[in-house]
Amino acid sequence: MSAPGENLRINPDRLWDSLMEMAKIGPGVAGGNNRQTLTDADAEGRALFQSWCEAAGMSMGVDSMGNMFAMRPGQDPDALPVYMGSHLDTQPTGGKFDGVLGVLGALEAVRSMNDLGIKTKHPIVVTNWTNEEGTRFAPAMLASGVFAGVHTQDWAYGKTDAEGKSFGDELKRIGWVGDETVGARKMHAMFELHIEQGPILEAEGKDIGVVTHGQGLSWTQVTITGKDSHTGSTPMPMRKNAGLGMARVLELVDEIAWSHAPDAVGAAGHIDVYPNSRNVIPGKVVFTVDFRSPDLSVIEDMEKRLRVGAQKICDDVGLGVEFEKTGGFDPVAFDPTCVSAVRSAAERLGYSHRDIISGAGHDACWINQVAPTAMIMCPCVDGLSHNEAEDISKEWAAAGTDVLFHAALETAKIVS
């Protein structure tokens with residue numbers, strides 16, 4: 001099959017208008033969005049997306065995790081569909097593009113196929129995956145994880161938010177429990193367009209990131225115990241300062257990550273100090289170390305060095321320490337054929353590009369376990385994401401969607 005012609009492009013103004021229209025639903029307090037999963041705002045965003053899909057001639061299917069699948073028929077009734085999509089839910093202080101670009105970019109690709117009278121052998125499906133962010137109901141990528149068989153639906157339904165409301169009850173409340181069995185759908189391939197959420201593409205002046213791998217992740221919760229005591233009247237030699245132990249362990253975490261440069265990273269993002277009083281030496285600290293690398297052996301090395309090194313640090317100053325692995329997933333290598341389709345699309349369209357490793361988790365990381373999958377990234381301003389100030393340009397959005405359009409068409413096979 002010949003590749004799609006380089007003159008085939010999406011409608012950038014229509015794409016941008018759709019992004020801005022969706023951003024009106026669940027507005028944030030500082031120009032972004034708060035459209036958390038399974039809220040009334042999420043339900044409103046889903047309804048708008050469904051209306052747009054139906055206006056584009058697609059039929060909507062929904063599974064029992066609330067995943068939405070809008071299908072454009074193909075010419076071969078026996079051919080498996082090519083999927084495109086991402087997620088519409090946001091962080092509490094989220095931007096207008098994280099996830100949303102991948103869903104509405106896929107919708108725009110279908111709209112452009114309609115405009116141009118393009119027919120494909122394989123059906124095309126545009127997907128909105130439920131609860132990618134994992135903010136309200138942990139963990140992230142929850143519904144795509146159930147789809148891929150990583151989690152059970154009962155387990156997912158039982159997850160609760162900060163108010164004790166369950167995922168299953170809230171999905172039912174907003175009216176988005178579908179009748180399809182999760183994971184029953186079979187895919188020919190899936191492509192996910194996403195903003196980079198990092199600074200590399202913008203810094204290097206690249207239009208497109210060809211995502212070859214997804215970083216693996218390891219979360220280890222570390223609890224260091226000492227003794228609460230008065231900061232003024234406890235002599236230095238007699239202190240058991242859990243905060244001091246944490247400071248030295250965090251220095252170790254940074255050193256371990258640097259030792260595996262340039263692709264490994266590490267830090268502690270969640271830290272609790274007890275009793276957290278100005279004039280009390282901390283008697284206990286609990287923090288979670290987040291290590292990431294595209295190489296599983298590197299993650300395993302970092303985990304081991306953390307445990308050995310932190311144990312020695314705490315032993316040396318008379319502190320107790322405990323470790324608990326609280327989350328993680330192995331690195332992802334995306335499908336070479338799908339990755340090649342993305343790269344060739346960028347080249348055919350004349351967009352500057354580079355191979356890139358995704359530092360964040362995405363639905364594509366789970367779907368890659370059950371179907372050939374690849375990702376496309378576009379730059380975002382200053383690499384900022386999970387922040388209401390997250391921003392991209394109309395040109396970046398159009399370039400990423402053009403590449404998605406071409407990669408999907410090449411995979412779904414244009415028929416005359």
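Helices (H or I, at least four residues) and strands (E, at least two) are DSSP runs, numbered from the N terminus. The model is a predicted one, where local features need pLDDT of at least 70, side-chain atom pairs count only at pLDDT 80 or more, and totals for chains, interfaces and linings use all residues. Residues are numbered from 1 along each chain as its sequence is written, and side-chain values use heavy atoms, with hydrogens and water left out.

Start with the backbone details. P139 lies in the loop between β5 (124-128) and α4 (142-147). The peptide bond from A138 to P139 is cis, with omega near 5°. A cis bond also runs from Y274 to P275, with omega near 0°. P275 sits in the loop between β10 and β11 (280-281). L38 is not a glycine, yet its phi is positive, about 60°. That residue, L38, belongs to the loop between α1 (12-23) and α2.

Next, helix packing. Two packed helices are described by the angle between their axes and the distance between the axes. Axes here are lines fitted to C-alpha atoms, for helices over the stretch in contact, and angles run from 0 to 180 degrees between N-to-C directions. Helix α2 (residues 40-55) and helix α3 (residues 100-116) cross at roughly 15°, and their axes come within 10 Å. That makes α2 roughly parallel to α3 (angles under 35 degrees count as roughly parallel, over 145 as roughly antiparallel, 65 to 115 as roughly perpendicular and the rest as oblique). The crossing of α2 and α3 is left-handed: the near helix is turned anticlockwise from the far one by less than a right angle, whereas clockwise would be right-handed. Contact means heavy atoms within 4.5 Å. On the α2 side F49, W52 and C53 take part, meeting V103, L104, L107 and R111 of α3. The residues of this α2 and α3 contact divide into six nonpolar, no polar and one charged. In this scheme Ala, Val, Leu, Ile, Met, Phe, Trp, Tyr, Cys and Pro count as nonpolar, Asp, Glu, Lys and Arg as charged, and the others, Gly among them, as polar.

Now move along the chain. UniProt, in an unreviewed entry, places the feature "domain: Peptidase M20 dimerisation" at residues 215-307. UniProt positions are given in the numbering used here, feature names are shortened, and annotations may be inferred rather than shown by experiment. Over residues 215-307 the chain is 31% helix and 37% strand. The end C-alpha atoms of that stretch are 21 Å apart.

An open sheet of four strands comes next, in the order β10-β12-β8-β13, with antiparallel pairing. Two strands pair if DSSP finds at least two bridges between them. The edge strands, β10 (265-274) and β13 (320-329), each pair on one side only. From one strand to the next, the twist averages 15°. Strand β8 (residues 216-225) and strand β12 (residues 284-293) run antiparallel, joined by 10 bridges. S218 stands opposite F291 in β12.

Two helices pack on this sheet. α8 touches β8, β10 and β12, and its direction makes about 5° with that of β12. α9 touches β8, β10, β12 and β13, and its direction makes about 165° with that of β13.

These helices also meet each other. Helix α8 (residues 242-258) and helix α9 (residues 296-316) pack at about 150°, with axes 10 Å apart. α8 and α9 are therefore roughly antiparallel. Their crossing is right-handed. Among the α8 residues in contact with α9 are R248, L252 and I256. By class, the contact of α8 with α9 has nine nonpolar, two polar and two charged residues.
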